[in-house]
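The following exercises concern one protein chain.

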Amino acid sequence: MEKGILDSGMISKERANPETVSWEKTGNTLFLKGTLGRDSLLPFWQQKDHVLEEIDNIDVSLLSHVDSTGLALFVRLKGEYQQRGRILTFSGISERLNTLITLYGLQALLDDNLPKA
């Protein structure tokens, strides 16, 4: 299991402040915790290749806030996975985040999360 906090481009094991995103890898799932938005996005983006190694699911249930830039990150990651012929799913989507997804017309972001008929 790997853990870290993304803040100012550094990974540390210190307690996250409200403007950071901490993460933990368990198996093929990345658990995000904290705030994913304009102020915390850049450090995550700079380390995404390392953070997302061997990940095919991102659990967002522990995120206290996701703004439109955080949602844009999810869309970008999903697209990158699709270009490589891989599937990226998201789990733990809150009602608030689901509302944001619906408002932006991005329900396709969740297509791989739905059972196949």
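**Exercise 1.** Determine where threonine 29 is placed and whether threonine 29 is buried or exposed.

*Solution.* Step 1: threonine 29 belongs to strand S4, a strand being a DSSP run of E with at least two residues and a helix a run of H or I with at least four, both numbered from the N terminus. Step 2: its relative accessible area is 12%, so threonine 29 is buried; buried means under 20% relative accessible area, exposed over 50%, and partly exposed in between, with a 1.4 Å probe and protein chains only. Step 3: apart from neighbours within four places in sequence, threonine 29 is in contact with Glu24, Ile55, Asn57 and Asp59, where contact means heavy atoms within 4.5 Å. Step 4: threonine 89 lies 60 residues away along the chain, and the two C-alpha atoms are separated by 9.4 Å.

The model is predicted: local features need pLDDT of at least 70 and side-chain atom pairs count only at pLDDT 80 or more, while totals for chains, interfaces and linings use all residues. Residues are numbered from 1 along each chain as its sequence is written, and side-chain values use heavy atoms, with hydrogens and water left out.

**Exercise 2.** State how many helices and strands the protein chain has, and in which pattern they follow one another.

*Solution.* Step 1: the secondary structure comprises three helices and six strands. Step 2: along the sequence, the pattern reads β-β-β-β-α-β-α-β-α. Step 3: the chain has 117 residues, of which 38% count as buried. Step 4: among contacts between residues at least 6 apart in sequence, 60% join residues at least 24 apart.

**Exercise 3.** Describe how the axes of H1 and H2 are arranged, and which residues meet there.

*Solution.* Step 1: H1 covers residues 38–51 and H2 covers residues 68–83; their axes come within 9 Å and cross at roughly 20 degrees. Step 2: the two helices are therefore roughly parallel. Axes are lines fitted to C-alpha atoms, for helices over the stretch in contact, and angles run from 0 to 180 degrees between N-to-C directions. Angles under 35 degrees count as roughly parallel, over 145 as roughly antiparallel, 65 to 115 as roughly perpendicular and the rest as oblique. Step 3: from H1, Arg38, Leu41, Phe44, Trp45 and Lys48 meet Thr69, Leu73, Arg76, Leu77 and Glu80 of H2. Step 4: these residues comprise five nonpolar, one polar and four charged. Here Ala, Val, Leu, Ile, Met, Phe, Trp, Tyr, Cys and Pro count as nonpolar, Asp, Glu, Lys and Arg as charged, and the others, Gly among them, as polar.

**Exercise 4.** Examine glutamate 80: is this residue buried or exposed, and which residues does it touch?

*Solution.* Step 1: glutamate 80 is located in helix H2. Step 2: its relative accessibility is 13%, so glutamate 80 counts as buried. Step 3: not counting residues up to four places away in sequence, glutamate 80 touches Trp45 and Lys48. Step 4: the buried residues of H2 also include Leu71, Phe74 and Tyr81. Step 5: the buried residues of H2 pack against strand S4 (29–36), H1, strand S5 (57–66), strand S6 (89–91) and helix H3 (95–103).

**Exercise 5.** Locate valine 60 and name the residues with which valine 60 is in contact.

*Solution.* Step 1: valine 60 is in strand S5. Step 2: at 5% relative accessibility, valine 60 counts as buried. Step 3: with neighbours within four places in sequence left aside, its contacts are Phe74, Ser91, Gly92, Ile93 and Leu97. Step 4: valine 60 and leucine 32 are 28 residues apart along the chain, and their C-alpha atoms are separated by 5.5 Å.

**Exercise 6.** Is glutamate 54 buried or exposed?

*Solution.* Step 1: glutamate 54 lies in the loop between H1 and S5. Step 2: at 69% relative accessibility, glutamate 54 counts as exposed. Step 3: its phi is near 60 degrees, a positive value in a residue other than glycine.
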